[in-house]
Every structure is written in C-alpha cells, then in structure tokens.
Amino acid sequence: MRVAMIGSGYVGLVSGACFADFGHDVVCVDKDPDKIDRLNKGIMPIYEPGLAELVNGNARAGRLTFTTELERGIANAEAIFIAVGTPSRRGDGHADLSYVYAAAHEIALAIKGYTVIVTKSTVPVGTGDEVERIIREANPAAEFAVVSNPEFLREGAAIGDFKRPDRIVIGTGSANKDGTEDARARDVMTELYRPLFLNRSPILFTARRTAELIKYAANAFLATKITFINEIADLCEAVGADVQDVSRGIGLDNRIGSKFLHAGPGYGGSCFPKDTLALVKTAQDAGAPMRIVETVAAVNDQRKRAMAKKVIALAGGDVRGKTVAVLGLTFKPNTDDMRDSPAIAVIQALQDAGASIRAYDPEGVEQARLVLTDVDYAADPYACLTGADVAVLVTEWDAFRALDMDRVKGLMKTAAIADLRNVYRPDEMARRGIAYASIGR
Ligand code: NAD
C-alpha cells in the first residue's frame, strides 16, 4: 500500500519506518529541510534506540523515501497520515491545531482518487470533523475519508511499542448515512495494519470522536497515576514511610497495576503536560469540567520547581555561589527530547537561587542548549561531578546506575546527592558517607 506521512518527527518517522518495515511504500514528508537532508544522508534527526537501522534498512530496500515537497510526497498515496505537532497554544492551554489544519489545506489540493486521511497527531475531539470540512471546502470533488488513529508509542521504546502495541484505536466518521464510506476507510486501515492483526494485537474500531478522546483519557489517567504516587511520596516523607514499598504494596493489586507508580520530580515530556491541559480546556468548553485532571496539572506544575528545594536543603540551605552538578536533562532516559523536561524547571529554580549549573546528559545536550542558558556541559558524569558542591540526578539513564560512588565521593567538593528518581539505596549512600536525599523515603 502507498502511504504518506506528513510530519517526520518522533511519531511520524517511527510510524513511517515501521509501516515501510511491514512492506508498505512510504514517503515521509517534513517541511524542515534540515531534517529531510539528514534523513536522505542516513543521519537520524532524533535519538531513538534502533531507529537508524530501521530507517536506513528500509530506505535501502526502496520502501522509504523522504521529501520536503508535500504534493510530490502524497501523489498516489492511498493513506495520508497527519503526524505534525499539536503543542499547547500560548496563553490558554488549548491544543494548537494550526499545523494540523495547514497540513489539511495542503493535502486537500493535492489528493487524487479515493484517499484515507488519518490523524495520528493527538487532537481534541472534533478535529477530524474540521479536517473533513477543510478538505471538502477546498476540494469539493475530492473522494476521501478522515480517520482518527491516535498513537500510543513511548519515546525510548517507540519501535517496539509501534510493532507490538497494547492496542490500536481506529475511529471512523460517518460520511454516508449507510456507512459505506466507513467500511471503505476501515478496509484501508485494516490492510495497513494487517501484520499486527496477524500478531493478534487488539484493534478497537470506534467512532472518530471517541478515538480522539481515548488518547487524551489515556494520557490524563497516566498523568493522574504519577501525580497520585508523587503526593503519596510527600506524605511518606512527612510520616516516615517508604514510597517504594507503598508502590509495590498497591501495585501488586491487579486492579491498580504496578506501572506508572514511580515517584519522581513530576511528569514532563512532549505529551502529558500539553495533553492534560488540552483535555481540561475541552472539558471546560463542553460544560463537563474535569476537576481531577485540573488538579493533577496544577500539582505537577508546582512540583517540578519545588524539587530544587530538596537540592538546596541538601546543600545546607543555600546554593548561592555553589556549583550544582545535574545528572540527566531529558524528560526520561533513551531519548534526546527536552520538551517540558523537569530538568528545565529544576535548573531554572536553582539558578534563581544563585547556583552555577554543570550538567551531563548522554543524548540531550543538543536540544538542552536550545532551552537552557548559562549551563556548562560536561563530557561524562565524573567530569560533571568534579568539584561540585552538590549533585542532583534528574533523569535515570542506565549510565548513572553503576557510578563508582567512592570515586564520586573523591571528586565532589562535598559528597551530597539529591536523587529525584530513587536510583540509589539510602543505606549504601550512608555507608559510603555520602549525604543523600531521595523521593518519599
Ligand atoms: P515533532 O515535533 O517531533 O514532529 C512534528 C514534525 O512535523 C516536525 O518535524 C515538523 O517540522 C513537521 N511539520 C509540521 N507541519 C508540517 C507540514 N505542514 N508539512 C510537513 N511537516 C510538517 O512531534 P511528535 O513528537 O512527533 O508529535 C507529533 C504528534 O504526535 C503530536 O500531536 C503528539 O502529541 C503526538 N504524539 C507524540 C508522541 C511522542 O512520544 N512524541 C506519542 C504519541 C503521540
């Protein structure tokens, strides 16, 4: 099947490469010429484990190509995916749909023959209706259907998630009262995902608006779970309990489940913060406010900056003129994505308190340079820690798990580590004579 992917970022590039790997002919389109140039040279514009091999292998096999020219990219495509960004709109928290609608306009003028247009971007309820309206208005003769197929992959494990998903959600509209348009679009989607049907991945066909809401409901629920355990961690600190054991104790209950119960510095990343806000706005507009999600967003926002207080306390109550070593910058390990990373808020709060920052991250420095100012970047964790007055571990990269703590103690000016991911054991740190603070223990 001939597929076009509009937007070749974390979602578009991974999805495009995986569809090519399924045997489809895929063209990845992006308006960023630098991205396309890199891809044509076999250089990945993002860091995602396994992506270079997957992309370059399928490109060599002739199933995956890249272009900046949308019209050329979608010529003859039977399915066109919209996988552009939907960031928070400045000022009000609604999802900014300008990239989605711009893509819809461009697609409208270029499609030929029956085409299924699939929104893979995370978009508020009703966006599919608007995409359909835009295309119909710009090209009344076009034969097409608009389908919602939200993506659930996680950065850092994106390829595995795409190829072995917990579920695939496909939401079709109802263009014709007799449902014929739906049936045709369903057939195209079924053909696209056939390898996963064969793998017995659960596929859920729903109405289009329902599919759009499923994505936000999933992210808001996960954000709530994280925020819940973070507040339990604060309570643990106040009453002398251990959040790791509480997590285990509740997570073994099948109704709760053990995932997403790791207390930390607050959720970040390119999805949860913007998607919770967008859901809150949708709910308010619909007159069905989601007070739990509103609170989750507010609690999480405060938490990230508050983490700096832990570091300051460990440094004896004052970081003015002191050097803080920051281990890990990305919002989670195995990605270079810095969008809404807790490290940004923690670092800015420490800088406001007068600290100098030296940081190390295995993959995130290129993007960190774009969002952080006055930060020194070290080439490895030990160089980062050398001479530091206090350290804070923000992202739990594997490289930090097995640091030689005796060496660390020798290198730091004062051996003190705030561990915002509970990577180390308090008794071990005490035994080595390292001042230590963690979350909820
Ligand atoms: P991204 O910023 O990495 O990629 C978006 C790309 O689209 C950019 O490269 C941009 O240049 C390109 N683009 C924008 N307008 C275009 C146009 N008119 N024509 C061609 N290219 C265009 O974003 P992302 O992280 O891949 O997210 C994309 C969508 O998927 C968002 O809605 C996001 O919420 C959703 N999503 C993301 C993840 C994730 O983990 N990143 C997971 C699930 C869903």
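I began with helix 11 and found that its buried residues pack against helix 10 (208–239), where contact means heavy atoms within 4.5 Å. The model is a predicted one, in which local features need pLDDT of at least 70 and side-chain atom pairs count only at pLDDT 80 or more, while totals for chains, interfaces and linings use all residues. Residues are numbered from 1 along each chain as its sequence is written, and side-chain values use heavy atoms, with hydrogens and water left out.

I then listed the buried residues of helix 11 (residues 243–251), which are V243, S247 and G251; buried means under 20% relative accessible area, exposed over 50%, and partly exposed in between, with a 1.4 Å probe and protein chains only. Seen down the helix 11 axis, these buried residues fall within an arc of 65 degrees, so they line one face of the helix, the arc being that of the directions from the helix axis to the C-beta atoms. On the other side of helix 11, I noted D245, R248 and G249 as exposed.

Next I turned to the sheet, where six strands in the order 11-10-9-12-13-14 form an open, parallel arrangement; two strands pair if DSSP finds at least two bridges between them. Strand 11 (375–377) and strand 14 (435–437) stand at the edges with a single partner strand each, so one side of each is left without a neighbour in the sheet. Helices (H or I, at least four residues) and strands (E, at least two) are DSSP runs, numbered from the N terminus.

Finally, I looked up the pairing of strand 10 (residues 356–360) with strand 11, which is parallel over three bridges, and found A359 opposite Y377 in strand 11.
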